Amino acid sequence: MSTTRRITYREAVREALREALQRDPRVFLMGEDVGAYGGCFAVSKGLLAEFGEERIRDTPLSEAAFVGAGIGAALAGMRPIVEVMTVNFALLALDQIVNNAALLRHMSGGQLGVPLVIRMATGPGRQLAAQHSHSLEGWLAHIPGLKVAVPATLEDARGMLAAALADPDPVLLFESIRLYPTAGDLAVDAGAVPLEGAAVRRPGRDVSLVTYGGALPRVLEAAGQLAGRGVEAEVLDLRCLRPLDTHAILASVTKTRRAVVIDEGWRSGSLAAEVSARIMENAFYELDAPVARVCSLEVPVPYARHLEEATLPTVERIVAAVEEMGIGHG
């Protein structure tokens, strides 16, 4: 009997939702079009028929209202999962996320926790144009009181939700728009995985490629190309942007002595900037070259496919960044 099954990233998230709803009667899913329509990316398709309107709740187009309702439900003992279609729309609920969900434990002297999970899609890659395609997870990783996790693999897409629901404080899960249709093999008994801690997706000795989320497949492809040129790149998937696994970053860089940070966010004020600063603060004397960054171009994401692709951290740009460090010419 096979120990794995073929599954898409979208199906892995749906399985995680179904398992959470089956396991705990306090769990419910709420958001725009999560019910009858099945979710704007079909993640929750079929769950309304399976669990009913009390637990799969369609909401009006009012992000601040339904995120606030999720906070209230969490305070009252429920375990809500709130879906905000894309991170761009989450900006309409920033007051609820930043001023309430993230701060209530601090503001109440520890008396009030908000065990809320907010899921949202992020990133470009599906020709959804500027108002649906940006990568703003780094903004929310700036906020104390939030955990910000970014599943990039099938295992994490399937397993992070259970850990997020077990957390006593708010957790934001960012799912890459581009990864939803990707397929792979997942263990039949795949279950919960820790929210925190980076993971080495490909070991190497010559340079550390530090990334997360939707950029991971391209970074792995770049590492494959570099291997053909005699460069063994280590690929580190951050997995969680707050808290950052600084220890894992430094351990990798100390081994390889070079680092390139790849981030689908804009370069200025990016998560890549934070990672780069931590390396420079803590491992400066271990480096053989300055830390490099490959980020999205600082323009609104275009609709046209060829222009959209041109704004992203491409395999070619990642390989070039490594070669500019003086390696990769063999």
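The following questions and answers concern a predicted model.

Q: Why is tyrosine 285 counted as exposed?
A: Its relative accessibility is 75%, and exposed means over 50%, so tyrosine 285 falls in the exposed class. Tyrosine 285 lies in the loop between helix H11 (271-283) and strand S14 (292-296).

Q: What makes Met280, Phe284 and Tyr285 a nonpolar patch?
A: Nonpolar side chains are joined within 5 Å, provided that each residue has over 30% relative accessible area and no salt bridge. Met280, Phe284 and Tyr285 form such a patch on the surface, and together they have about 380 Å² of accessible area.

Q: Why are strand S3 and strand S12 said to stand at the edges?
A: The open sheet of seven strands has the order S3-S2-S4-S5-S7-S6-S12, with mixed pairing. Strand S3 (56-58) and strand S12 (240-242) each have a single partner strand, so one side of each is left without a neighbour in the sheet. From one strand to the next, the twist averages 20°.

Q: How do you know that S2 and S4 pair?
A: Pairing requires at least two bridges; five bridges join S2 to S4, so the two strands are paired, and they run parallel. Methionine 30 stands opposite valine 82 in S4. On S3, the residue opposite methionine 30 is arginine 57.

Q: What makes S2 mostly covered?
A: Buried means under 20% relative accessible area, and five of the five residues of S2 are buried. Val27, Leu29 and Gly31 point one way from S2, while Phe28 and Met30 point the other way.

Conventions: Residues numbered from 1 in each chain as written. Predicted model: local features only at pLDDT ≥ 70, side-chain atom pairs only at ≥ 80, totals over all residues. Heavy atoms only, no water. Helix = DSSP H or I, 4+ residues; strand = E, 2+ residues; numbered from the N terminus. Axes fitted to C-alpha atoms, helices over the stretch in contact; angles between N-to-C directions. Patch = residues over 30% accessible without salt bridge, like charges linked within 9 Å, V, L, I, M, F, W, Y side chains within 5 Å. Areas by Shrake-Rupley, 256 points an atom, 1.4 Å probe, with all protein chains shown as cover. Salt bridge = Lys/Arg side-chain N within 4 Å of Asp/Glu carboxyl O. Buried < 20%, exposed > 50% of the residue type's maximum accessible area, 1.4 Å probe, protein only.
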